[in-house]
Amino acid sequence: MTKAFVFPGQGAQTIGMGKALADAYPAAKAVFDEVDEALGENLSGLIWEGEQDALTLTQNAQPALMATSLAAMRALESEGVILAEAAAYVAGHSLGEYSALAAAGALSVTDAARLLRTRGLAMQQAVPVGEGAMAALLGLDFAAAKAVAEEAAMGEVCQAANDNDPGQVVVSGHADAVERAIALAKEKGAKRAVLLPVSAPFHCALMEPAARVMAEALEEVDINRPVVPVVANVVAEAITDPATIRSLLVDQIVGSVRWRESVLWMAGKGVTEVWEIGAGKALSGMIRRIDRSIACTAVGTPEDVTKAVASLN
C-alpha cells in the first residue's frame with residue numbers, strides 16, 4: 001500500500017490533546033517543551049488543562065495543533081516508523097501544511113511554532129471582528145458553491161475558501177456577502193448552509209494584510225527540502241523546492257484550500273492508505289467522502305500509535 005501522512009487544521013483542537021502521547025513518549029513531550037520555549041509561554045498547560053475558548057483562539061489553536069501532530073509523529077518515530085520509508089507524500093489542511101512541513105524536515109518545530117503564532121495573530125488582525133464571516137455549504141459541489149459565492153459578492157469579497165470534499169465547501173468574505181451566499185445556496189439546493197464559529201474570514205482576499213506579514217516572517221526562516229514531497233493546498237500537487245514552499249505558504253493565506261483535489265491527486269499517484277497524524281478524525285471523514293477506496297487511520301493517542309505500527313508488520 002502507498003501511504004500518505006496528513007495533518008489536521010483548525011477545528012480539531014480539544015483540551016487534553018496530546019497529553020497521553022507526552023506521558024508515554026519522551027520524544028513527544030520534547031515537542032511540547034520545544035514549542036513552549038519557542039513561544040516563551042506555557043502553551044502545553046493551556047492545551048492540557050486550559051479553557052476551550054482560550055485554546056480555540058486562532059493564535060493558540062494553530063501552534064497547539066502543530067505541536068500535537070508533531071508529538072504523534074515523534075511517537076511513531078520512537079516506535080521505528082521512518083517517514084521517508086513509510087509515506088510517499090505528506091499534506092496538511094491549512095495550518096496543517098506547516099505540521100506536514102515540520103514532519104518532513106522542511107521546517108524546524110521552533111520555526112513552525114513561531115510562524116503559526118505570527119500567522120494566527122496576523123489572520124485575526126487582518127479584518128476587524130464582525131466584518132468578516134465564513135459559512136459551510138453542504139450538498140453543493142465546488143463549481144456550484146463557487147458560483148454562489150461569486151453571485152453573492154455584489155462588489156464585496158465572497159470566495160470559495162475550502163474545497164473540503166464533494167459535498168462540503170466553505171465560503172469566506174465580508175459578513176453581508178456570506179449571509180447572501182447562505183440564502184442563495186439554499187435556493188440552489190444546498191442541504192444546509194450555516195455560519196461557522198470562526199473569528200475571521202480565512203482564505204480569501206480580505207486576508208491580504210496577513211499574507212504580507214507572513215511573506216516577511218517566512219523570509220526570516222530556513223526552509224529545507226522535505227524528505228518526502230508535500231502536497232500543497234493552493235496547487236493540489238506535490239512540491240519539494242524550498243523557494244516554492246515559501247511562496248505557496250504566502251499564497252495559502254488568501255488562496256483556497258484545495259483539499260478534495262489534493263486527495264484526488266494523491267489517489268491518482270497510487271495512494272491507497274492515509275494516516276491522519278494528530279488531533280481528531282476530521283480529515284479521515286473528508287477523505288472517505290472523496291474516495292472510499294482509501295483506507296484511513298487516525299494516529300492521535302498511544303493506542304493509535306501501537307495499532308498503526310502493528311499494521312506495518
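**First stop: a buried alanine**

Select Ala133, which is buried, with a relative accessible area of 11%; buried means under 20% relative accessible area, exposed over 50%, and partly exposed in between, with a 1.4 Å probe and protein chains only. The model is predicted, so local features need pLDDT of at least 70 and side-chain atom pairs count only at pLDDT 80 or more, whereas totals for chains, interfaces and linings use all residues. Residues are numbered from 1 along each chain as its sequence is written, and side-chain values use heavy atoms, with hydrogens and water left out.

Ala133 is found in strand S3. Helices (H or I, at least four residues) and strands (E, at least two) are DSSP runs, numbered from the N terminus. Next, display the surroundings of Ala133: leaving aside residues up to four places away in sequence, Ala133 touches Val171, Ser172, Gly173, His174, Ala175, Val178, Leu195 and Pro201. Contact means heavy atoms within 4.5 Å. The C-alpha atoms of Ala133 and His174 are 6.1 Å apart, although 41 residues separate the two along the chain.

**Second stop: the four-stranded sheet**

Now select the strands around S3. Four strands form an open sheet in the order S4-S5-S3-S6, with antiparallel pairing; two strands pair if DSSP finds at least two bridges between them. At the edges are strand S4 (158-165) and strand S6 (192-195), each pairing on one side only. On average, neighbouring strands of this sheet are turned by 20° against each other, direction ignored. Axes are lines fitted to C-alpha atoms, for helices over the stretch in contact, and angles run from 0 to 180 degrees between N-to-C directions.

Strand S3 (residues 132-138) is joined to S6 by four bridges in the antiparallel sense. To locate this pairing, highlight Leu138, whose bridge partner in S6 is Arg192. Helix H9 (residues 142-153) packs on the sheet and touches S3, S4 and strand S5 (168-174); the direction of H9 makes about 165° with that of S4.

Six strands form an open sheet in the order S8-S7-S2-S1-S9-S10, and the pairing is mixed. The edge strands are strand S8 (237-239) and S10, each of which pairs on one side only. Neighbouring strands here are turned by 35° against each other on average, direction ignored.

S1 and S9 pair in the parallel sense over five bridges, and the bridge partner of Val6 in S9 is Glu276. Strand S9 (residues 271-277) also runs parallel to strand S10 (residues 295-299), again with five bridges. From S9 the chain crosses through helix H14 (residues 282-290) to S10, and this β-α-β crossover is right-handed. A crossover is right-handed if, with the strands pointing away from the viewer, the path from the first strand over the helix to the second runs clockwise.

Which strands does H14 lie across? In the six-stranded sheet, H14 lies across S1, S9 and S10, running at about 160° to S9. H14 also lies across S4 and S5, running at about 85° to S4. Colour the buried residues of H14: Leu283, Ser284, Gly285, Met286, Ile287 and Ile290. They pack against strand S1 (2-7), S4, S5, helix H13 (259-268), S9 and S10.

How many salt bridges does a search of the whole structure find? The search finds eleven, a salt bridge being a side-chain nitrogen of Lys or Arg within 4 Å of a carboxyl oxygen of Asp or Glu.

Select Asp33 and Lys29, which form a salt bridge with the closest N and O atoms 2.8 Å apart. The two are four residues apart in helix H2 (residues 26-39) and are therefore separated by about one helical turn.

Then select Arg117 and Glu41, a salt bridge in which the closest N and O atoms are 3.0 Å apart. This pair links distant parts of the chain, 76 residues apart: Arg117 lies in helix H8 (residues 109-125), and Glu41 in the loop between H2 and helix H3 (43-49). Arg117 is buried, at 14% relative accessible area, whereas Glu41 is partly exposed, at 32%.
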